[in-house]
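Please keep the sequence and the model in view while reading.

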Amino acid sequence: MTGSNWNSLTAATAAVFTGLVFAHAAWHKLADFGAFMGFVADYQVTPEPTVASVSRAVDSKCEYWAYCSMNGIRCDACGGSAGQCPPGSRPSVVSWVGTCTNPTDKKAYLISYNDCCGKAVCDVPEDAFCSHDEGDRPGYRIGSYNAANWCMANTNLVPGCSTAVIVGIADGA
Amino acid sequence: MIRIAGFFMLASVLCACYRSSATETPFEPQHLTVKPAIDPGANVFTIAISESAGAIHVFGAADLKYKGSMSSGAMGQTLLSRDGKTAYTASLYLKRIVHGEREMILQIYDVATLSPIKEIPLPPKLAMVDTLEAMLAQSADGRYVYVQNATPATSVTVVDVIAGKVTGEIPAPGCFGIYPSLRGDRFSAICGDGTFVSYTLKADGASADRAQSKKIFDADKDPIFMPSARVGADLVFISYQGNIYRVCDSGPAVKLTDSYSVTAGVDGGWAPGGAQLIAYNKGNNVLFVGMHPNGGNGSHKQPAKEIWAYDLTHKTILYRSPVADITSLAASDARVPVLYASKPKLLLRFDVDPDAKFAIKESQQVYNPGAWNDEIILRP
């Protein structure tokens, strides 16, 4: 085989490999998006017809609007979702509550930030840790305090990851 | 041929060495020992919190040389005695590390030998929160150690460390933090309605008399941070909006003595932020504050882009030193102070120049172990 043929084969292999990587990433993203869309629908964050578009507008990482006061490792990177603990863990029985505004309907919602308890801290990539502090107050307002272990009242005390559950509409919204 | 000659030369050298060693003192194997104590001198302690095992790391204040560590349980809080000779931690031990039967204990350490010397069981109510000086404190005479609880109902466990036992639990509903008075067995707490409540222990340490202050700050519009500075007889706090709240805790109830803005007239929306975000230099009555621009709702934990040296005597900004993402501060008391600071994974030392309006200049940085390391304590 000539040098020229070798170069062509190498280039072709690289192109196929890159294509496969991108295809896999795209499929993965679509699968994630499907799960997230289900979450948006489940919580009736927005009217049914707009679920897909709203979901698309929301970054599934820390930019998700309900993470506006998230101080912890998001469970959606740890085998669960924003509103679901990973298998084998237990939801915290107490939580703190923040207020976040949904950019789509401009309404303020009450968000219960529960930890998922009983597993080692989810050690996933750095972008899984969200450090958003809107409305956070020190411990003298303990119901608005995001720097605590909210597994504090559980039997299993270690917080593995954190969730953001939309539990109501804030007064005046 | 050269190789053969080299072989014979090497062999002759080895033989000579063997003959020589055979006639001299026999080989003495080394034995592993334990260094009996850390090197003397003032120390900088950094507190690494963890969901499994925590640590108190000890550095020399003069050179930031790492001296060793003391180990604690999970999600603990740390206290250093005023003379720096004794350390305390209140932390959690779970039977299966991440679940199982819980045990919360107060551990007492000898700093010189970095060794635990006593432990006292605590009620299993310890506040498991980010490290804060106000979560574990001692009475003026050192007899009592106060432990912050949150279940999330808030209370304070009182431990007589001389007798080695818990003497009582003081309910503190709606209030948080432990700020001991300079005299007597009294501590104050910050409350969510903007007041402070002071608790004066009764003689047996089992209960306390309670005295509530007038409203001092607005927890909705201008909440104060938990870290404080002891300035003379007063405690100084700073708020999210950059206001100083100076309170006196020498009486039965806390009183506001002064309040003013450190940011008034400054453009750029500068606001205080970080973890242990203020540090007081007693020698010059100067407060160092970690500041960030464009402050707003949720920015209060942003690391500092500038350290402001603020003159508490004349209520003026002396100097604004640019820094790179500092989260916590501690300052020495000297007339020519040293400022210590932390950011993720790093402990930094800044020289401070009183002749240059307290401008700071980084002189050293070292690796600071631990994933979460937001508290710095200085002791002689």
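**A guided reading of the model**

Leaving aside residues up to four places away in sequence, S81(A) touches C75(A), D76(A) and T163(A), where contact means heavy atoms within 4.5 Å. S81(A) belongs to the loop between β1 and β2 of chain A; here strands (E, at least two residues) and helices (H or I, at least four) are DSSP runs, numbered from the N terminus. Between the C-alpha atoms of S81(A) and E63(A), which are 18 residues apart along the chain, the separation is 14 Å.

The model is a predicted one, in which local features need pLDDT of at least 70 and side-chain atom pairs count only at pLDDT 80 or more, while totals for chains, interfaces and linings use all residues. Residues are numbered from 1 along each chain as its sequence is written, chains are lettered from A and ligands numbered from 1 in the order in which they are written, and side-chain values use heavy atoms, with hydrogens and water left out.

The sheets of chain B come next. Strands of a sheet pair through backbone hydrogen bonds, either parallel or antiparallel. Two strands are taken as paired if DSSP finds at least two bridges between them. In chain B, 4 strands form an open, antiparallel sheet in the order β12-β13-β14-β15. Its edges are β12 (175-180) and β15 (208-212) of chain B; each has a single partner strand, so one side of each is left without a neighbour in the sheet. From one strand to the next the twist averages 25 degrees, with axes being lines fitted to C-alpha atoms (for helices over the stretch in contact) and angles running from 0 to 180 degrees between N-to-C directions. Within this sheet, β13 (residues 186-191) and β14 (residues 196-201) of chain B are joined in the antiparallel sense over 5 bridges, and F187(B) stands opposite Y199(B) in β14(B).

Another open sheet of 4 strands in chain B has the order β25-β26-β27-β28, with antiparallel pairing. Its edge strands, β25 (328-331) and β28 (359-367) of chain B, each pair on one side only. On average, and with direction ignored, neighbouring strands of this sheet are turned by 25 degrees against each other. Strands β26 (residues 338-343) and β27 (residues 346-353) of chain B pair in the antiparallel sense over 6 bridges, with Y340(B) opposite R349(B) in β27(B).

A hairpin is formed by β10(B) and β11(B), with 4 residues between them; in its turn, G164(B) has a positive phi of about 75 degrees. The antiparallel strands β10(B) and β11 (residues 165-171) of chain B are joined by 6 bridges, and V159(B) faces V166(B) in β11(B) as its opposite residue.

Two points of the backbone deserve attention. Most residues other than glycine have a negative phi, and most peptide bonds are trans. The peptide bond from T151(B) to P152(B) is cis, with omega near 20 degrees; P152(B) lies in the loop between β9 (144-150) and β10 (154-160) of chain B. I97(B), a residue other than glycine, has a positive phi near 65 degrees, and its place is the loop between β5 (86-94) and β6 (102-110) of chain B.

Side chains of opposite charge can pair when their charged atoms come close. Over all chains the structure holds 17 salt bridges, each being a side-chain nitrogen of Lys or Arg within 4 Å of a carboxyl oxygen of Asp or Glu. One of them joins D127(A) and R74(A) at 3.7 Å, N to O. This pair links distant parts of the chain, 53 residues apart: D127(A) is in the loop between β5 (115-117) and β6 (129-131) of chain A, and R74(A) in the loop between β1 (71-73) and β2 (90-91) of chain A.

How do the chains meet? Chain A contributes 31 residues to the contact and chain B 35 residues. Together they bury about 2600 Å², 59% of it on carbon and sulfur atoms; buried area is the accessible area (1.4 Å probe) that two parts lose on being put together, summed over both. In chain A, Y140(A), M152(A) and L157(A) lose the most area to chain B, together 27% of what that side buries. Between chain A and chain B there are 3 salt bridges. D133(A) forms a salt bridge with K301(B), their closest N and O atoms lying 3.3 Å apart.
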